[in-house]
Amino acid sequence: MMLPGAQGLTMPPVELHADSSPNLHGSIYRSARYAQREVMLPVYLHGIDRRSLRHLRGKLLEALDPANGYCVLTFEESDSRPRYLNCYYKGGVEGDEGEDSAGFRWARYGIQLTAHDPFYYSDSMQVAEWKFGQGDAFLSTGRAFFPLRLEQGLVSSPNLTVHNPGSVEAWPVWELSGPVRSFTFSLGEKSFSIPSASADAVPAGRTLTIDTRPGYKTLKDDQGANFWPRLAPNPQLWALPPGSSRVSVEMAPGSGAASLRLSFRPRYTSY
């Protein structure tokens, strides 16, 4: 069971960057970034006998072992909307046999965890979908806005509203199902694109996945082909800031049915 005294569960630590001058008092603020989160969880184990205590401790050690992957801390308030924090075990279960820390049937630990990604994630995945086909109106208004369905021809929508309910930026994943001759996705002054060429940018029957998340940053289709060299110069795989954003989508579908899907998981500074 959890004991009172958990630490590091609300705001992640912040690193401030500033410049100082020998002729001026103080310093000049330049930027800030969230650093990795350090978490401490006070945990109490209690068994009906020594054997059951050892069994409980063995299960805990196996769950915490970094060789088995990261731990997922789940937080759920009265609104029943869980949020998740991914952490790696750092220390705290080395063992203390002092009379205030362990007994024949019980043990107390201060588990130390590190969340290299300091943000919480929600269960809900935000998804918007655009479809291109034949025989329908270019922009249908007779149904809900999401998923939005667009039809055939050159698609240019400079003011698509995408809402990020999180408290920090979210990195989207784009999925384009061909045939698509060319495309450009923009947010403000940031954009990335694959220009038109002799062949379709995404051939018919293929799906290109653009993963903008840090640590991924890939453009691959369903057969594993790398599309990164096909990008226009100076691509910026941008993130969605918190709140509502105006996204510009320009696509030239090919002769068949095509689709575009945008998905992202919101991130939060606290549970």
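Where in the structure is the place of Asn-234? Asn-234 sits in the loop between β14 and β15 (243–253). This is a predicted model, in which local features need pLDDT of at least 70, side-chain atom pairs count only at pLDDT 80 or more, and totals for chains, interfaces and linings use all residues. Residues are numbered from 1 along each chain as its sequence is written, and side-chain values use heavy atoms, with hydrogens and water left out.

- Asn-234 has a phi near 55 degrees, a positive value in a residue other than glycine.
- Asn-234 counts as exposed, at 70% relative accessibility. Exposed means over 50% relative accessible area, buried under 20%, and partly exposed in between (1.4 Å probe, protein chains only).
- Lys-217 lies in the loop between β13 (207–211) and β14 (218–221). Helices (H or I, at least four residues) and strands (E, at least two) are DSSP runs, numbered from the N terminus.
- Phi of Lys-217 is also positive, near 50 degrees.
- Lys-217 is partly exposed, with a relative accessible area of 31%.

**Helix α1**

- Helix α1 (residues 50–64) has 15 residues. From first C-alpha to last it reaches 21 Å, close to the 21 Å expected at 1.5 Å a residue. The expected span is 1.5 Å times one less than the number of residues.
- Ser-52, Leu-53, Leu-60 and Leu-64 are the buried residues of α1.
- Seen down the axis of α1, these buried residues fall within an arc of 110 degrees, so they line one face of the helix. The arc is that of the directions from the helix axis to the C-beta atoms.
- Exposed residues Arg-51, Arg-54, His-55 and Glu-62 are on the face of α1 turned away from its buried side.

- The largest pocket holds about 670 Å³ of space. Of the 25 residues that line this pocket, the closest to its centre are Asp-117, Tyr-121, Arg-213, Pro-214 and Arg-267.
- A pocket is an open set of points on a 1 Å grid over the protein atoms alone, where a 1.4 Å probe fits, with protein on both sides within 12 Å along at least five of seven lines; lining residues have an atom within 4 Å of a point. Grid points are joined across faces, edges and corners, and a volume is the space filled by probe spheres set on the points.
- The second largest pocket holds about 150 Å³. Its lining includes Glu-77, Arg-81, Ser-122 and Tyr-268.
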